[in-house]
Each structure stands twice: as structure tokens, then as C-alpha cells.
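Please take a walk through this structure with the sequence at hand.

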Amino acid sequence: MPLPTDPSIATHNYAHPERLVSTEWLAEHLGSEGLVVVESNEDVLLYDTGHIPGAVKVDWHTELNDPVVRDYLNGEQFAALMSAKGISRDDTVVIYGDKSNWWAAYALWVFSLFSHPDVRLLNGGRDKWIAEGRELTREVSTPHKTDYPVVERNDGDLRAFKEDVLEHFGRPLIDVRSQEEYTGERTHMPAYPEEGALRGGHIPTAHSVPWAKAANEDGTFKSLEELREVYTEQAGIDGSEPVITYCRIGERSSHTWFVLQHLMGIDNVKNYDGSWTEWGSAVRVPIVKGLEPGVAPGH
Amino acid sequence: MSDSNPPLPQSLRAIQDDFLALGNADRLQLLLEFSDELPEVPEGMVPEDAWERVTECQSPVFIHVDSTKNEPVVYASAPAEAPTTRGFASILVQGFQGLTAEEIMAVPLDFPQSLGLEEAVSLLRLRGMAGMIWRIQRQISDASPA
């Protein structure tokens, strides 16, 4: 049975308030039957330095990816992972993490590829929980193994591949990286390691809307009015056409995907997880450098 | 490790052996222990402008090598929110302790890949540690008389 939604989130008028919970709500419901809390971070050791009591760790790099192919787990592998983490198909899963929930949003997006029915983000993530002085523990919980069913991954609705992007030209494309990455000044985040893109720049026609425009100082999401100003007024996304988001490997763009789909209620938003590490290294795909979005090839 | 590499100093070999003797989950725990053990650098010990940022790392980590003695002393500073990076820095601070400049200069840049952490940590995250070694070696060679 899913847990009740967080009434404090409902006051924000987001399209899908059932996808978000506040730190207060989580503190109140910790330990409830049918609730599993998942921590997913950029830093693989951060969970081990202290986490929300009872939370289990899911690491995007080492656990959600296929160990060989650049792809996510398949249905059997995901079922095995969920079972080992003590997650049942009808559990309410609340995911939180570091860096304003980038990796938590990425994990939530992968859970969504398997249509896990009730998966939510903790508004403000790990940092807000800590800033409020809430309890952390180093005690690693040993989950009771569950019997999660094998559900085939469905990429069709939420995931874009390079070929989809090539056919998407003319419709909204959002680049959520930093301005230096967008212009082609650099191929990776400022102060981040080089991750192998051979060219700098952006996909033609992509609008630059860095992910942080959706977040407040404390890592929580901005109000619906503020989000509409950024994405609808400034970037022209009004839900009339399908949208594709991308970044470097798909983690920051999962954050934006969450905002567009679950907070603003825009249908048909896909995350291009190949992102710049694929596009910026692919042979003969068009690239634009500089601040202007550029024109679609063949248009 | 291929046979053509010079042998690792005993201190680094011991750290390597400790990691390789463990399973994946325990390797992470050992890395966490290293992270917890990274010594605080007392204020004023390293002048503000002497810290060098390791830009290969995803988190703000700074290093400084005091090369005034025959055995260089490596200092490192990284925030608590970046325990993996702290762990890598701590391995180097501890492993390089007591080594001569020549011994540190001979440490191969692929030392991080020899700790068996690829599966537990992912290869992407290991890259920053090579950046630390490279910068430590560069500071030592900059400080040595031409």
C-alpha cells in the first residue's frame, strides 16, 4: 500500500505532488511499513559516512549500470537489485542524495524506466536533512530480501537515443550544462574531470537552461510560477511538443526531466542519457559552438 | 602490474595488499577508514597561496608538498562531503610518508588502478587520484634544483 502523500507539498500546486516529500514528512514516516528510503550520491562513500536511519544505498555507477555495455540494468538485473535492497513492487520509495539530488533524480528516472509505481524525491535532498540537524547514522541496515518481479525496462517513453535526437530537430531541446560547456569552451563541468568528449559545444537548436535554475539555495525546487518563468516564458516549453533534455552523462538532465514532467506536468519529456559524452564524440553529428542555439541541419 | 614497472615502495605495496585481500564491500570500508584518517592540517602550517587545487577531482581537494627536507611531506585537504576524495588523498599522504623524492617520483600514475577499486568505486571516480599523484610529483620536480 502506498503511503499518503505529503500535504505540505500539495500547497505548491505542482502537477504531480505525489512525487515529492518534505524532510518533515520523511522524518515523521521513517520506519513505516511499506516505505523504503534510498540514498543515491555522486560520492560512493558518502552514505557510509552517515545516512538517514534505515536508508539503503543505491549507487548509480556501480549498481544501476550494466557492468559491460553502456546501458542500464535489464529486467532480471533490476529485480535482483531491488530484492537485495529490500524493495517490493508496491513499496513507496523515497530517494535522496547529495548535490541538490542530481544522482537521486537520476536513480528515480531509472526506477521510472521500470515503472516502479510509487517513487518520490526528498525535496532538498541530503543537504537539507543535515542542515536541519536531523538524525544520521553509520549503521548499515540489512534489508529483508524481497521478491521483486521481473519487469521489462521500457525506454520508449522516457529515454532518448542519439537517433531520436537527430529526428527531433525543430522541437524543444534543453541543454542543462554550465555555460562554459554549452559554448564549447570546455567539454566537462568546471572543476570536474574530463570524461572523454572529443569536441566542445552543444547540439544545434538546444536552449541553454542550466539545471540550477530549477533549484533554490537550499536544494529544494522552485515554485511552479518560477519554473514557468524559466522554462515556459524564457525557453518556450509549453507542453505542445515533445521535449528532450541532456547534459554530460544524463544526471543533471534527470533533475530537469523531473521538474518538467512531475512538477510542471509536461508530458512527453525524454532524457538523452548518452548526452554530451556520446554526442561530443560521435562521428559526423552536427555541433554548434558559442552562445547561440544555432539552426537545425537541413532546415 | 607488468614486470617492467619499478617495484612499488613498501608502504604503498602494503596498502595495495590490504585492499586486494578484501572483497568489494570491505574495500569500500577500508577506503572509508582512510577517509576518516586524513590528518587535519593545522591552520598556518601551509600558507594559503601554497595550496594547489586538484582539478581532476570532482570535489574541492587541495594539496601541497613541503620539499624542503630530503623526505617530502605531502599535505592534503578535502571536505567531509567528499569522503571518496578524502580517502584517495589519505592513501597518498600515508603511503608517501617517509619516502624520498626519488621514490615518490617513481610511483606510476596507474597506482590507483592497482588497488582493485574499479568495481567498488567505478573507474571514472578513480581518475582524480591519478591527478593527485601527478600534481604531487610535479610540485616535487618544480622544487628540486635543476
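**Spaces and sheets**

Searching the whole structure turns up 1 cavity of 30 Å³ or more. Keep in mind that this is a predicted model. The largest cavity holds about 40 Å³ of space. Its lining is made up of A:E39, A:S40, A:N41, A:D43, A:V44, A:Y47, A:K57, A:V58 and A:D59. By type, that lining divides into 3 nonpolar, 2 polar and 4 charged residues.

Now turn to the largest pocket. About 1100 Å³ of space lies there. Which elements give two or more residues to its lining? Chain A supplies β3 (56-57) and α3 (60-64), while chain B supplies α2 (24-37), α5 (118-121) and α6 (123-143). In total, 42 residues line the largest pocket. Nearest its centre lie A:D59, A:H61, A:T62, A:E63 and B:S122. A:D59 also belongs to the lining of the largest cavity.

Next come the sheets of chain A. One is an open sheet of 5 strands, with parallel pairing and the order β1-β5-β4-β2-β3 (chain A). Its edge strands are β1 (20-21) and β3 of chain A, and each pairs on one side only. Inside chain A, strands β4 (residues 92-96) and β5 (residues 119-122) run parallel and are joined by 3 bridges. Look for A:V94: its bridge partner in β5(A) is A:R120. Helix α5 (residues 102-113) of chain A packs on this sheet and touches β4 and β5 of chain A. The direction of this helix makes about 175° with that of β5(A).

Another open sheet has 4 strands. They follow the order β7-β6-β8-β9 (chain A), again with parallel pairing. Why is one side of β7 (207-208) and of β9 (269-271) of chain A left without a neighbour in the sheet? Both stand at the edges with a single partner strand each, so one side of each has no neighbour there. Strand β6 (residues 173-175) of chain A pairs with β7(A) in the parallel sense, over 2 bridges. Here A:I174 has A:H207 in β7(A) as its bridge partner. Across β8 (243-246) and β9 of chain A lies helix α10 (residues 251-263) of chain A, running at about 150° to β8(A).

Finally, consult the record. An unreviewed UniProt entry carries the annotation "domain: Rhodanese" for residues 31-138 and 173-288 of chain A. Over residues 31-138 of chain A, the chain is 31% helix and 15% strand. The end C-alpha atoms of that stretch are 17 Å apart.

Terms used
Residues are numbered from 1 along each chain as its sequence is written. Chains are lettered from A and ligands numbered from 1 in the order in which they are written. This is a predicted model: local features need pLDDT of at least 70, side-chain atom pairs count only at pLDDT 80 or more; totals for chains, interfaces and linings use all residues. Side-chain values use heavy atoms; hydrogens and water are left out. Two strands pair if DSSP finds at least two bridges between them. Contact means heavy atoms within 4.5 Å. Axes are lines fitted to C-alpha atoms, for helices over the stretch in contact, and angles run from 0 to 180 degrees between N-to-C directions. UniProt positions are given in the numbering used here, feature names are shortened, and annotations may be inferred rather than shown by experiment. On a 1 Å grid over the protein atoms alone, a cavity is a set of points where a 1.4 Å probe fits but cannot get out, and a pocket is an open set with protein on both sides within 12 Å along at least five of seven lines; lining residues have an atom within 4 Å of a point. Grid points are joined across faces, edges and corners, and a volume is the space filled by probe spheres set on the points. Ala, Val, Leu, Ile, Met, Phe, Trp, Tyr, Cys and Pro count as nonpolar, Asp, Glu, Lys and Arg as charged, and the others, Gly among them, as polar.
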